[in-house]
Structures are given as structure tokens and as C-alpha cells.
Amino acid sequence: FCLWYTMFNPEKKILLLANKLETALEIIQRIQLAYEHIPQWIKPGIVTLNKGELAFDNKSGIKGFATSSSAARGYSANCVIFDESAFTPPNVMDSVFTSIYPVISSTKGTKFIMVSTPNGVGNLYHTLYTQALENARIERTTGKRAISWMPFRMDWWDRPGHDEEWKAQQITSIGIERFRQEFGNEFLSSQFKKLVPDAKIELFRQQLADFKASKFPVQDFIIKGQSAEYVAKIWYDFDFTKTYLASCDVADGVGRDASVIKIWDVTDYTHIKEACSFSSNTISMVDFAYVVYKILSRYYKPVFIAESNGIGRSLFDQLINVYGYDNCVTMDKDGAPGVKSHVSIKGKACIWLQEYITTNEFKIELHDETLVDEMEMFVRKESSTSARNIMYAALGANSHDDHMMALVWGLYVLSPQIVENYYNTTGTVKTGIGKSFPSTL
């Protein structure tokens, strides 16, 4: 990228920072090696060529620095690349940002690219990557960016030749924990335990990559609300031979958390498929209720579950009293629709999701990238009400769990103590530990 950017764009400057000067110089040397191997007729002339700098006669160039409080002072740049940024000590990182900000703000259209393998949670790199994931989610749902950061990841299987055999060899050489950090893009922390194991999240990411490579069909379901036009994504449209389940997580529509509805194909209990998804963090409750009703209608009024606490109560009021929807899950003793969420029942629902997702005989097919992103940050936390209660939620103020909770509540309907209240089941499947579950609904 550095070589292309400076060769074909005149008067462009790149500052390349790394946690160590040796690392920055090594990258400069690789760029110089790439320059040597491209055809002669396409090369620009060289003005400067040394261990730390490469400059062309089109007035573009690349210069390397080690991270320090004065690394880039006095320089202007069109692109700043910060390699291994997660491994820069926090006090140095603050100083680096203080010195870099004038550089990246001095020229319009400047790019700032941070590259690193993860190095735990709570550092600036982890914080900015989390913000970038949120920004990507907002852009996918609204078409607008809240901030400038955007995420990009390269997984180990993206490189040709890296297969399961290669993975096994690396784990044997460096151990599973180092593999998960160095190659698995995992922000590991002994303090926070994820609900969905990292191995499963990796499989979901591979699944998404395979679907993308195969150009798996997706269609837009456009819904015109009172104040805007909304778009739901459909991967599997309604089929009379299939059985469906709808699950929802409700927010206030003021730009923070998102209101989410998902449709699941649950015909095969052992192979659940994400059929449809919609989310928005700015949609009003009136419009969201209408969107939910239109999606439910498209799938011929499936069983529907959502939290009935707070604003969720308003959703049920709209669905039942305005649209006459009556196929709702009821878990409260008073017969009210929905599930009244509290620490105990949410903990039970999360543990059942974990059990289902880690049972070898069961499979979930996911298509929504935001859902998989949220899995990375959906962690166990201490309950303030009782040490016996297990509580899971999004890690940090910049993380969200809206899609995850839609998944949690949807799968909870399929738990052994509930499923037969809403579905006729046929056949059974026995797991490796001898437990029996329905095979089809």
C-alpha cells in the first residue's frame, strides 16, 4: 500500500511508526525490496534511499520512526501508519498521539492507519478498535459514520496455505493462548470470560468469509415507515415448508443501542439458520413496531419473543393493540406477553445459549457480521445482586449487545423446558453425553 500510494500519487508523504525503530526500518526495507522487483518502466525515480527513508522524484516519500513523544513533530503527512500499536506502553502512546494529532490534522484527507495483533483489553488500541466496530455497525444500519475509525481484520485463514494442519502445527509450537492472540485476533483477558468460546467465534468468522466468497444471496426488504424508509436483510425468504422463530431486542432509538429483530429458521433443531435481520439505533418505537409487524407478517406470524421490561412493554402494546399480533411467547406468571428480564432469567438464557452453541451435534448458521462482532465483547460480569447469579453483558461503554440479546432470547425459546410450549416436535437426536433433544420442529 505504501509503495503504490507514493508511486502513483505525487506529493504524498507517509510517516511509518512502530513500537521499535528496528521494526519501522524493517518495513522500510521490505518496501524498498518490493520497489526493486517491479518492472523498470513503471518505477519513479529515486531521490532518497537509506535505511529509514524512501523518496521519489514525484515529491512523494516514506519515512520511518520509532514511537516517542517527539516522533513526528515538525512533519506533515498524508498518511500515518502505526505498526504494533497495541504494544506501545500507555504513557508513550498518550505522548505519541499528542505529537501525531497536528500531523494528521494539518492536511485534508489524511489517513491514520493503526496495525497490530491484539495485546489484551483496556489499552488505547483495544478501545479504538471497539469504537471502529461500533462505527461500522452504525454505517451498515444507517449509511452514516459516527466517527472516522473503521475496522479491518485479516484472519489466519485469509493467507493462502494456512489451513487446519498449519494451525495445529502453530499451536504445537507456541501454545493455544499465544496462537489465539498472535493469529486469532483475540483480545484476551483473564478478567473477562466470553459467553461464546473463541473457537466458535473463529468458526463463525470463517463461515461469514465462506458465505461472502460464495456470494451467498441476500435481498433487501424495504419497509416504508412514518418517518423514514428502512431495509431488512433477508438470506432465507419465507417457505411454507419451514418453521420460524422471531426474537427481538428493543432500544430507545436515540443513537446509542439498536433495536433489533431477527428471524430464525428453526425447522431443524440441530441446524438453526439466521433468515432475516433488521437493526437501527435511531428508529422510533412507533416505526420499529411497524417494521417488526411487517417482518413478522412476511414470515407468516412466527412465534415472537422480546423483553417486556421498560420500552419493550411499548412494543408489545403496539403489536397487540394496533396490529393484533397474538403469537407471542409468555413467560410471566400473570400471562403478560414477553419475558421480564432480570439477572436470574437472563443468566439462565445465556447459559443455555452457551450449552447449545458448544454441543457438537448442534449448528447455527449466521449471516450478520454485527452479531459475530458483538460476540467478541459479550463477557461475564459480576452480579451486584447475588454472587450465585451469572451475568453477561457487553464489555465497556463503547460495546453493544443488541444482536447478541436477540440471539440469546431466540435460543432460550428452544431450551428443553420451553420449546414444547410453542412447537410440535418430531423425532429426537441424542448428544454425545446422552441427552435427548428434538430433531425437527
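Asp-373 is buried, with a relative accessible area of 7%. Buried means under 20% relative accessible area, exposed means over 50%, and partly exposed lies in between (1.4 Å probe, protein chains only). This is a predicted model: local features need pLDDT of at least 70, side-chain atom pairs count only at pLDDT 80 or more, and totals for chains, interfaces and linings use all residues. Residues are numbered from 1 along each chain as its sequence is written, and side-chain values use heavy atoms, with hydrogens and water left out.

Asp-373 forms a salt bridge with Arg-205. Their closest N and O atoms are 2.8 Å apart. A salt bridge is a side-chain nitrogen of Lys or Arg within 4 Å of a carboxyl oxygen of Asp or Glu. The pair links distant parts of the chain: Asp-373 sits in helix α11 and Arg-205 in helix α7, 168 residues apart. Helices (H or I, at least four residues) and strands (E, at least two) are DSSP runs, numbered from the N terminus. Arg-205 is buried as well, also with a relative accessible area of 7%.

## Lys-194 and Glu-376

The structure holds 17 salt bridges. One of them joins the side chains of Lys-194 and Glu-376, at 3.1 Å from N to O. Lys-194 lies in the loop between α6 (176-182) and α7, and Glu-376 in helix α11 (residues 369-376), so the pair ties together parts that are 182 residues apart in sequence. Lys-194 is buried, with a relative accessible area of 16%. Glu-376 is buried too, at 9% relative accessibility.

## Asp-198

Asp-198 belongs to helix α7 (residues 198-213). Is Asp-198 buried or exposed? Asp-198 is buried, with a relative accessible area of 11%.

Leaving out residues up to four places away in sequence, Asp-198 touches Arg-180, Glu-186 and Leu-188. Contact here means heavy atoms within 4.5 Å.

## Helix α10 and its link

Helix α10 (residues 343-357) has 15 residues. From first C-alpha to last, α10 reaches 21 Å, close to the 21 Å expected at 1.5 Å a residue. The expected span is 1.5 Å times one less than the number of residues. Buried residues in α10 include Ile-345, Ala-349, Trp-352 and Leu-353.

Glu-355 forms a salt bridge with Lys-435, with the closest N and O atoms 2.7 Å apart. This pair also links distant parts of the chain: Glu-355 is in helix α10 and Lys-435 in the loop between β16 (426-430) and β17 (436-440), 80 residues apart. Glu-355 is partly exposed at 30% relative accessibility. Lys-435 is partly exposed, with a relative accessible area of 34%. Elsewhere, salt bridges that share partners join Arg-153, Asp-155, Lys-194, Asp-198, Arg-205, Asp-373 and Glu-376 into one network.

## Two lysines with positive phi

Most residues other than glycine have a negative phi. Lys-215 has a positive phi of about 55° although it is not a glycine. Lys-215 lies in the loop between α7 and β7 (219-224). Lys-215 is exposed, at 73% relative accessibility.

Lys-301 has a positive phi too, of about 55°. Lys-301 lies in the loop between α8 (285-298) and β12 (303-305). Lys-301 is partly exposed, with a relative accessible area of 39%.
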